[in-house]
Amino acid sequence: MLTESLTEIAARLQIDWVLVNTCLQFASWGLFSLLLAEVFRDSYHALCHQVNWLAKWHNKHHIAYRRDLSVVSLKAYQDSQLYHDILESSLLVVILTVIALIAHQWGLWLGVAYACTFLYGASLRYIQGTIDTDYNHLPGPLETIPSVWLVNRSYHWRHHFDDVNAYYSGVFPLVDKILGTALSLKGKTIALTGASGALGQALTAELLKHNTKVVALTTNPEKLSTQTGMKVVPWQLGKEAELKDALEKVDILIINHGVNVYANRTSQAINSSYEVNTFSALQLMDVFSATVTGPQAKATKEIWVNTSEAEVSPALSPLYELSKRALGDIVTLKRLDGVCVIRKLILGPFKSQLNPYGVMSARQVARSILFLAKRDYRNIIVTINPLTYILFPLKETSTWLYYKIFSQTEKG
Ligand SMILES: [Zn+2]
Ligand SMILES: [Zn+2]
């Protein structure tokens, strides 16, 4: 009796195992096909902006919207559905069907069904002749910052009005991350503090190569030679509020100034470390945040803060670590309000006046920062210390969660 029931259980388990295996296979092929659909769609979109005869059709989509994403006219909207959405989703259905037929995997038909929903939606919008846009094209002011994981309105708005040769992704920003088009610097006005330092100068040089206008904010203007596309604006510690007008038209503010008192532990050293590394940076963040006004400012205005690797790793300078950690933690706290995109620059030791023993070159670091920023990394880690790549995300996530639970924004 007992032997029989055990055999039955074993047999049943075997059947279940086969079923589980089939389901897993279907699910993984299904997920893969959804990802494939998005990658194809975004790649086609990127191609539309490179190939003239494709651009002619795709452009119907661009001309259908005004800056606030309201539709120009019903005719323009219907044209955009026919020449862009219907065409694009039909191509997608055909390509994914061919792949599903060749690969003989049932899960791949999920991608076909997914593409069919786009084709159905676009056809319906075209035939019905009503303006019923998808979420990314809803009109009105942009109230949230561009999202990292999924394309939202602010993310896509930038494709229409910030730079049409970037922000191609429609749902997952994967293609943009690969192409380095998840943030466009072209034509932007970028202000940076600590402009006369080693990293400041390297960043200025790299930013100018990206066709940006650089506003070099420095407390040592005599140390800076002006270059084409660069404007030097002197400022003084403690007088951050005076920069409000200069920051009004700035798209990205890079807070990069700092002081290192090394082994010094006098009261004066404590004060100046916190004054320069923590409070001056926070003051500048507040001054810049006050300029994030207007219906589309949240999409393009950004703050990058050089909090340094000292946030999680030793910098062999206690006061540098303490003041930079305080800054890093408060930046995490401020990020919760979502005023604008705030990126952290978590940099390892590079050769500079603050650190003559640095191993990386400032130019190398500046290039890596921009490489990762264009891929929309919000925490830009550039270091040779492998531990930072593990410790920083753990620290940032746990601190973020803790602050999210135990703090709240001022009710307006
Ligand atoms: Zn669009
Ligand atoms: Zn486009």
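Which strands does helix α9 lie across, and at about what angle does α9 run to β4? I found that α9 (residues 267–289) lies across β1, β4 and β5 (302–306), and that α9 runs at about 175° to β4. I take axes as lines fitted to C-alpha atoms, for helices over the stretch in contact, with angles from 0 to 180 degrees between N-to-C directions. Helices (H or I, at least four residues) and strands (E, at least two) are DSSP runs, numbered from the N terminus.

**Entry 1: provenance.** I note that this is a predicted model, in which local features need pLDDT of at least 70, side-chain atom pairs count only at pLDDT 80 or more, and totals for chains, interfaces and linings use all residues. Residues are numbered from 1 along each chain as its sequence is written, while chains are lettered from A and ligands numbered from 1 in the order in which they are written.

**Entry 2: domains.** I looked up the division of the protein chain and found domain 1 (24–179) and domain 2 (189–406); such bounds come from an automatic or database domain assignment. Taken over C-alpha atoms, the domain centres are separated by 36 Å. In the interface, 14 residues of domain 1 are in contact with 11 residues of domain 2, contact requiring C-beta atoms, placed from the backbone, to lie within 7 Å. Helix α5 (residues 153–161) gives the largest share of the domain 1 side, 3 residues. By class, that side has 7 nonpolar, 2 polar and 5 charged residues. Here Ala, Val, Leu, Ile, Met, Phe, Trp, Tyr, Cys and Pro count as nonpolar, Asp, Glu, Lys and Arg as charged, and the others, Gly among them, as polar.

**Entry 3: the sheet.** I traced an open sheet of 7 strands in the order β3-β2-β1-β4-β5-β6-β7, with parallel pairing; two strands pair if DSSP finds at least two bridges between them. The edge strands, each pairing on one side only, are β3 (230–234) and β7 (379–382). From one strand to the next, the twist averages 15°. Strand β2 (residues 213–218) is joined to β3 by 5 bridges, and V214 stands opposite M230 in β3. Helix α7 (residues 198–209) packs on the sheet, touching β1 (189–193), β2, β3 and β4 (252–255). The direction of α7 makes about 165° with that of β2.

**Entry 4: α7 and α12.** I found that the axes of α7 and helix α12 (residues 362–373) come within 8 Å and cross at roughly 55°. That makes α7 oblique to α12. For these terms, angles under 35 degrees count as roughly parallel, over 145 as roughly antiparallel, 65 to 115 as roughly perpendicular and the rest as oblique. The contact has 9 nonpolar, no polar and 3 charged residues.

**Entry 5: α9 and α11.** The axes of α9 and α11 come within 9 Å and cross at roughly 20°; the two helices are therefore roughly parallel to each other. I count their contact by class as 11 nonpolar, 4 polar and 2 charged residues.

**Entry 6: α11 and α13.** I found the axes of α11 (residues 318–335) and α13 (residues 386–406) within 9 Å, crossing at roughly 55°. That makes α11 oblique to α13. Residues D329, T332 and L333 of α11 meet E396, T399, W400 and Y403 of α13. This contact has 3 nonpolar, 2 polar and 2 charged residues.

Notes. Two residues are in contact if their C-beta atoms, placed from the backbone, lie within 7 Å.
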